[in-house]
Amino acid sequence: GDSDYLAGQTWVITAGPTREPMDPVRFISNHSSGKMGFAIARAAQQAGAKVYLICGPVQLATPAGVERIDVETAIDMQTQALQLALKTDVFVACAAVADYRVAQVAEQKIKKSSQQLQLLLEKNPDIVASVAALDNAPFTVGFAAETENVETYAQQKLQRKNLQMICANNVSTPGHGFNSDTNALSLYWRGGNLKLPLTSKQELARQLVQHIASVLKECPQP
Ligand code: C5P
């Protein structure tokens with residue numbers, strides 16, 4: 001079983017989708033279930049960490065002992081993340097953040113009239129990159145869902161977002177990623193890489209948390 005090898009550490013995890021409103025009754029979102037992020041939160045808590053879970057709208061029970069912060073939009077998620085990032089050792093970005101939000105949210109319900117309707121979208125901030133860019137940034141871990149060239153794109157994301165580790169999954173392989181109860185990950189960090197084969201998200205989370213802890217031990221953050 002798990003010892004308390006994370007005792008004294010704080011972990012912050014983002015999970016689930018974000019929801020970007022169009023008007024008071026409509027939004028843009030995605031199919032993220034939040035399962036992987038919740039599994040990581042549970043595994044880190046069971047290993048003895050103080051865990052904050054910042055999550056978009058999901059249908060999942062909060063793991064025991066985990067402090068959950070519910071948010072809707074990417075901007076809300078970033079506000080919470082940047083606050084908690086100042087007092088955490090590890091930040092794991094598992095959320096499927098909407099890349100864009102509606103530029104002008106209508107105050108009243110948009111009425112159907114013309115044959116076509118144009119929505120102007122504005123790019124959302126990159127939450128994990130903004131955490132990694134902080135002075136005294138925590139050990140920051142990102143995810144990369146790719147359908148091809150998994151290693152190349154993952155390595156590029158590691159560099160571009162200035163992360164300590166990236167967890168790549170090939171979402172085109174059956175049993176991987178969104179809504180599935182199983183997943184497989186390829187981990188890349190500056191000192192090496194490791195493949196975690198297909199298994200339940202809970203078991204995968206346990207292995208990932210152990211691995212993050214061991215890399216963190218080798219190269220502690222400032
Ligand atoms: O760039 P891409 O969306 O593929 O990067 C995925 C990683 O970046 C995930 O760790 C995700 O949680 C994080 N991310 C974020 N804020 C965004 C977009 C992605 O934190 N706006």
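How many residues does the hairpin that joins E11 to E12 pass through? The hairpin joins these strands through two residues, where strands and helices are DSSP runs numbered from the N terminus (helices H or I, at least four residues; strands E, at least two).

## Basis of the model

This is a predicted model, in which local features need pLDDT of at least 70 and side-chain atom pairs count only at pLDDT 80 or more, while totals for chains, interfaces and linings use all residues. Residues are numbered from 1 along each chain as its sequence is written, and side-chain values use heavy atoms, with hydrogens and water left out.

## The sheet

Eight strands form an open sheet in the order E5-E4-E1-E6-E9-E10-E11-E12, with mixed pairing; two strands count as paired if DSSP finds at least two bridges between them. Strand E5 (67-70) and strand E12 (192-200) stand at the edges with a single partner strand each, so one side of each is left without a neighbour in the sheet. From one strand to the next the twist averages 20°, with axes taken as lines fitted to C-alpha atoms (for helices over the stretch in contact) and angles running from 0 to 180 degrees between N-to-C directions.

Strand E6 (residues 90-93) pairs with E9 in the parallel sense over four bridges, and the bridge partner of Val92 in E9 is Val141. Further along, E10 and E11 run antiparallel and are joined by four bridges, with Cys167 opposite Leu187 in E11. The pairing of E11 with E12 is also in the antiparallel sense, here over seven bridges, and Trp189 stands opposite Gly192 in E12. Seven of the eight residues of E11 are buried, so this strand is largely enclosed by the rest of the structure; buried means under 20% relative accessible area, exposed over 50%, and partly exposed in between (1.4 Å probe, protein chains only).

The buried residues of H4 (residues 150-160) are Val150, Ala154, Lys157 and Leu158. Seen down the helix axis they fall within an arc of 105°, so they line one face of H4, the arc being that of the directions from the helix axis to the C-beta atoms. What covers these buried residues includes strand E9 (139-146), strand E10 (165-170) and strand E11 (182-189), whereas on the other side of H4 the residues Gln159 and Arg160 are exposed.

## Nonpolar cores

The largest nonpolar core has 38 residues, among which Trp11, Ile40, Val92, Phe143, Met165, Leu208 and Ile212 touch the most other members; such a core is a set of buried Ala, Val, Leu, Ile, Met, Phe, Trp, Tyr and Cys residues joined through side-chain atoms within 4.5 Å. At least two residues of this core come from each of E1, H1, E4, E6, E9, E10, E11 and helix H5 (201-218), and H5 gives the most, with eight residues.

Leaving aside residues up to four places away in sequence, Phe143 touches Met36, Ile40, Val92, Ala93, Cys94, Ile166, Cys167, Leu185 and Leu208. A second, separate core of 24 residues includes Met77, Ala144, Leu163 and Ala168.

## Cysteines

A search of the whole structure finds zero disulfides, a disulfide being a pair of cysteine sulfur atoms within 2.5 Å. For Cys55 the nearest cysteine sulfur is that of Cys94, 12 Å away, and for Cys167 the nearest is again that of Cys94, 7.6 Å away. Cys55 counts as buried because its relative accessibility is 0%, and Cys167 counts as buried at 0% as well.

## Asparagines with positive phi

Asn136, in the loop between helix H3 (127-132) and E9, has a phi near 55°, a positive value in a residue other than glycine, and counts as exposed at 62% relative accessibility. Asn149 lies in the loop between E9 and H4, where its phi is near 45°, again positive in a residue other than glycine, and at 44% relative accessibility this residue counts as partly exposed. Asn162, which follows H4, likewise has a positive phi, near 60°.

Methods: Contact = heavy atoms within 4.5 Å.
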